[in-house]
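Keep the 3D view open as you read.

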Amino acid sequence: RPRHLTTSVRDDFPLLAAEPEDTGLVYLDNAATTQKPQAVLDAITGYYTTINSNVGRGYHRLGLASTEAFEQARVAAQEFLGAAGPDEIVFTRGTTDATNLLAATVGRRLVGPGDQVVITGMEHNSNLLPWRRLAEEAGAELVVVPVAVDGRVRLADFTAALGPRVRIAAFAHVSNVLGTVNPVREMIAAAHRHGVVTVVDGAQAVAHRRVDVRDLDADFYCFSGHKVYGPMGTGVLYGRRDLLVEVAPYQVGGGTVKGVSFAEPVTYVPVPARLEAGTPDVAGGLGLAAALRYLTDLGWDAVRAHDESLVRAAVDAFDGIDGLRVVGDPARDPSGIVSFAIDGLHPYDVGGHLDRHNIAVRCGVHCSSTFLDSLDLVGTVRVSFAVYNTERDLERVCDALRTVRPGFWTTEQPNTRFL
Ligand code: PMP
């Protein structure tokens with residue numbers, strides 16, 4: 001098994017393979033979304049050109065083939081996460097869909113007036129707003145665990161927030177802003193000691209580390225397909241069986257009911273079908289399964305070694321660029337993300353300059369303005385690596401950064417405090 005990935009990985013991704021390697025696009029916005037390998041595109045096209053048919057309904061050859069393929073995709077997601085059974089896997093539209101589903105179902109059932117919901121200060125809006133709205137609607141309190149000055153959530157701070165009124169704790173596995181990894185296993189164990197149900201936002205984790213939900217003892221764990229080389233509009237919500245079977249229908253409609261009349265109480269089918277109202281994105285599910293297989297086949301050791309070498313090389317190289325400061329400590333436990341600020345320069349000006357050099361990065365607040373506010377930063381420039389990135393990509397970034405000058409944007413707020 002190779003310790004590092006080879007540059008030929010890039011050839012598996014048509015959008016990148018079409019670009020000349022030395023002067024073409026350098027795509028480093030992978031934490032926003034990844035490019036898709038040919039295997040994923042083939043799975044989608046293959047589905048529509050051979051077995052396209054609705055699932056769980058038609059007693060005809062295509063309908064059965066389509067249903068079987070979709071259920072096999074569920075098994076692929078189960079194996080990817082180490083879940084106990086495919087019935088613990090709910091297909092969603094992504095992480096945002098999953099957190100909204102959980103807040104509206106489990107949240108509404110468990111959280112009442114005077115209760116508390118715990119999140120952390122580093123959450124993406126998609127794992128903040130559903131819980132904030134739930135707390136407001138239930139007359140409960142949203143408790144925000146502070147992020148320590150090194151950009152990490154201290155287990156002690158999290159544990160200190162777990163009082164007798166806490167019903168649910170929701171937190172990111174990996175920060176989309178700094179790439180810091182939270183001690184989720186220990187956080188889940190602490191929550192369980194207090195009888196608190198946990199929701200882990202794994203959106204930034206699953207493309208960079210092997211996640212085993214049983215090892216984590218996770219209650220609910222969610223991720224988006226498009227950040228792990230799969231199609232947009234796909235995602236997975238894992239729920240531990242004993243908890244998932246209690247989850248009431250979120251959306252209702254076709255595929256969710258056993259018995260329905262105009263007057264008698266409605267009886268619903270078991271999970272996961274109960275939580276997948278309407279016609280699902282079957283081709284997307286197959287594409288996602290192909291993506292999970294593609295990543296797993298590269299080998300986790302190789303993926304980890306690749307992430308570590310690129311993140312460490314980036315931190316070292318950025319150290320030599322005038323006024324550039326890396327935020328947090330991304331080399332400590334690399335997740336592919338390196339966020340930085342440059343003294344006196346607005347992140348948008350840096351992003352615009354890199355774009356003119358055919359380099360795609362993310363700049364701004366990364367859908368997490370509450371976290372950026374707490375860091376006293378108007379934003380960061382975020383470089384995020386994927387399996388197809390190379391040392392050459394990093395060189396191109398560094399070359400471009402050496403010529404960046406103040407531009408159109410001003411820092412309305414000085415970038416004063418750096419981690
Ligand atoms: N959580 C985190 C940590 C994320 O990085 C993202 C995507 N930026 C989301 C949630 C939301 O994911 P999606 O837009 O795919 O629903």
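First, the record: UniProt, in an unreviewed entry, places the feature "domain: Aminotransferase class V" at residues 26–397. What you're looking at is a predicted model, so treat the numbers as values computed from it. Over residues 26–397 the chain is 39% helix and 17% strand, and the end C-alpha atoms of that stretch sit 8 Å apart.

Now for some helix packing. Find helix H2 (residues 38–50) and helix H10 (residues 282–298): their axes are 8 Å apart, and they pack at an angle of about 150 degrees. Angles over 145 degrees count as roughly antiparallel, so H2 is roughly antiparallel to H10. The crossing of H2 past H10 is right-handed. Who does the touching? On the H2 side you'll find Ala39, Val40, Ala43, Ile44, Tyr47 and Tyr48; H10 contributes Val282, Ala283, Leu286, Gly287, Ala290 and Ala291. Sorted by class, that contact of H2 with H10 comes out as 11 nonpolar residues, one polar and no charged.

Thr99, Asn100, Leu102, Ala103, Gly107 and Arg108 from H4 meet Pro130, Trp131, Arg133, Leu134 and Glu137 from H5. The class breakdown for the contact of H4 with H5 is five nonpolar, three polar and three charged.

Time to zoom in on single residues. Glutamine 78 belongs to helix H3 (residues 61–81). Is glutamine 78 buried or exposed? Its relative accessibility is 13%, and buried means under 20%, so glutamine 78 counts as buried. Setting aside neighbours within four places in sequence, glutamine 78 is in contact with Ala83, Ala84, Gly85, Pro86 and Ile89.

Finally, head to helix H11 (residues 300–319), where you'll find arginine 312. Arginine 312 counts as partly exposed because its relative accessibility is 37%, between the cut-offs of 20% and 50%. Which residues does arginine 312 touch, not counting those up to four places away in sequence? They are Ala331, Arg332 and Pro334. If you also look at glycine 336, 24 residues from arginine 312 along the chain, the two C-alpha atoms are separated by 9.7 Å.

Methods
Residues numbered from 1 in each chain as written. Predicted model: local features only at pLDDT ≥ 70, side-chain atom pairs only at ≥ 80, totals over all residues. Heavy atoms only, no water. UniProt positions renumbered as here; feature names shortened; annotations may be inferred. Helix = DSSP H or I, 4+ residues; strand = E, 2+ residues; numbered from the N terminus. Axes fitted to C-alpha atoms, helices over the stretch in contact; angles between N-to-C directions. Parallel < 35°, antiparallel > 145°, perpendicular 65-115°, else oblique. Left-handed = near helix turned anticlockwise from the far one by under 90°. Contact = heavy atoms within 4.5 Å. Nonpolar A, V, L, I, M, F, W, Y, C, P; charged D, E, K, R; others polar. Buried < 20%, exposed > 50% of the residue type's maximum accessible area, 1.4 Å probe, protein only.
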